[in-house]
Amino acid sequence: MEDNGITVRLAHDEDVASILGILPQITTRPESLSAKVPAVHKALQIFERMELHGNIYLVIAQANHTKTIVGALTLVIVPNFNYNGRPWSIIENVVVSREWRRKGIGQKMMDFATDVAKHNDCFKIQLLSGPRDDQAGFYRSLGFDDANSRGFKKYLVDR
């Protein structure tokens with residue numbers, strides 16, 4: 001998907017180092033665990049496992065003129081017995097480089113991920129958002145509903 005100088009596509013192994021460069025921007029707390037990324041060699045091993053899994057998609061946004069990775073998200077398709085065997089999906093680790101925010105890149109990546117989920121016959125997409133109003137407002141603007149559900153998480157590591 002290409003639009004306004006940005007291409008949204010699935011990541012390749014040669015994108016991994018650049019993705020690691022923007023992932024710490026997922027938080028405003030650089031000392032937090034969510035800002036920590038593995039070394040490139042380990043990240044390449046993780047990416048290989050993601051590809052072998054077959055139901056994990058790393059979506060990226062790339063600036064066409066510089067080929068710089070400016071956004072990323074992870075979409076996971078989960079097999080399911082309910083809904084007549086249709087899978088569901090979850091989106092995690094949505095990040096856009098700070099200097100590229102508020103330019104529609106997050107929406108383009110979410111649209112791409114939604115198309116992948118639809119192509120895989122998913123009956124829903126789930127995600128957890130941070131507590132800030134602008135974060136919740138972004139997802140609401142894309143049609144996500146938080147009125148009839150509540151998200152919970154339990155961390156298994158110190159944050």
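Arg-140 is partly exposed, with a relative accessible area of 45%. This is a value from a predicted model. The side chain of Arg-140 meets that of Asp-146 in a salt bridge, with 2.7 Å from N to O. Asp-146 also counts as partly exposed, at 42% relative accessibility. Both values fall between 20% and 50%, so neither residue is called buried or exposed.

Arg-102, Arg-132 and Asp-134 form one network, joined by salt bridges that share partners. How many salt bridges does the count come to? The count comes to 5.

Now turn to Arg-9. Its side chain and that of Asp-15 meet in a salt bridge, and the N to O distance is 2.8 Å.

Next comes Arg-86. Its side chain meets the side chain of Asp-121 in a salt bridge of 3.3 Å, N to O. Where do the two partners lie? Arg-86 lies in the loop between helix 3 (82–85) and strand 5 (88–96). Asp-121 lies in the loop between helix 4 (105–119) and strand 6 (125–127). The two parts are 35 residues apart in sequence, so the pair ties them together. Arg-86 counts as partly exposed, at 31% relative accessibility. Asp-121 is partly exposed as well, with a relative accessible area of 41%.

Finally, look at Tyr-139. This residue lies in helix 5, which covers residues 133–141. Tyr-139 is buried, because its relative accessible area is 11% and the cut-off is under 20%. Which residues are in contact with Tyr-139, leaving aside its neighbours within four places in sequence? They are Val-94, Met-110, Leu-127, Ser-129 and Phe-144. Val-94 falls within strand 5 (88–96), Met-110 within helix 4 (105–119) and Leu-127 within strand 6 (125–127).

Conventions. Residues numbered from 1 in each chain as written. Predicted model: local features only at pLDDT ≥ 70, side-chain atom pairs only at ≥ 80, totals over all residues. Heavy atoms only, no water. Salt bridge = Lys/Arg side-chain N within 4 Å of Asp/Glu carboxyl O. Helix = DSSP H or I, 4+ residues; strand = E, 2+ residues; numbered from the N terminus. Buried < 20%, exposed > 50% of the residue type's maximum accessible area, 1.4 Å probe, protein only. Contact = heavy atoms within 4.5 Å.
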